[in-house]
Amino acid sequence: AARAAAMATPGGTAGTGPGPSGGIRAWIRSAFRFATDRNDFRRNLLVNLGLFAAGVWVARNLTDIDLMAPQPVP
């Protein structure tokens, strides 16, 4: 909707060309929208996959710790 509004305004097509500044601005705008949209399925999927990967990493790297083993006596 924001792109359609920008295109409808007079002179709105000047900054939306294939130039590097328009691309960077569009990328930042889409990244901000992606990070702040609470109902975005893709964001939720990425966050959940990241948390799952972190949990798998922790589980794999803490397997050598035996919590039920008797503690050494000093």
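In which helix does Trp57 lie?

Modeller: Trp57 lies in helix 3, which covers residues 41-61. A helix here is a DSSP run of H or I with at least four residues, and a strand is a run of E with at least two; both are numbered from the N terminus. This is a predicted model, in which local features need pLDDT of at least 70, side-chain atom pairs count only at pLDDT 80 or more, and totals for chains, interfaces and linings use all residues. Residues are numbered from 1 along each chain as its sequence is written, and side-chain values use heavy atoms, with hydrogens and water left out.

Now the setting. The protein chain has three helices and zero strands. From the N terminus, the order is α-α-α. Confidence is highest in helix 3, with a mean of 89. This is pLDDT, the predictor's confidence in each residue, from 0 to 100. Helix 1 (residues 2-8) has the lowest confidence, with a mean of 47. Over residues 2-16, pLDDT stays under 50. For the protein chain, the mean is 74, and 72% of residues reach 70 or more.

Back to Trp57. It is exposed, with a relative accessible area of 57%. Exposed means over 50%, buried under 20%, and partly exposed in between (1.4 Å probe, protein chains only). Of the 74 residues in the protein chain, 4% count as buried.

Trp57 also belongs to a nonpolar surface patch of about 570 Å², along with Val58, Leu62, Ile65 and Leu67. Patch residues have over 30% relative accessible area and no salt bridge; nonpolar side chains (Val, Leu, Ile, Met, Phe, Trp, Tyr) are joined within 5 Å, like charges within 9 Å. A salt bridge puts a side-chain nitrogen of Lys or Arg within 4 Å of a carboxyl oxygen of Asp or Glu. The protein chain has about 6,700 Å² of accessible surface, 68% of it from carbon and sulfur atoms. Areas come from the Shrake-Rupley method with a 1.4 Å probe; for residues, only the protein chains shown count as cover.

Next, look to either side of helix 3. Arg38 sits in the loop between helix 2 (20-36) and helix 3. Arg38 is exposed, at 71% relative accessible area. Neighbours within four places in sequence aside, Arg38 is in contact (heavy atoms within 4.5 Å) with Arg43 and Asn44. Gln71 is in the segment after helix 3. Gln71 is exposed too, at 62%. Its side chain reaches the backbone oxygen of Ala69 at 3.4 Å.

Methods:
Polar contact = N/O pair within 3.5 Å; in protein donor to acceptor, adjacent residues only side chain to side chain.
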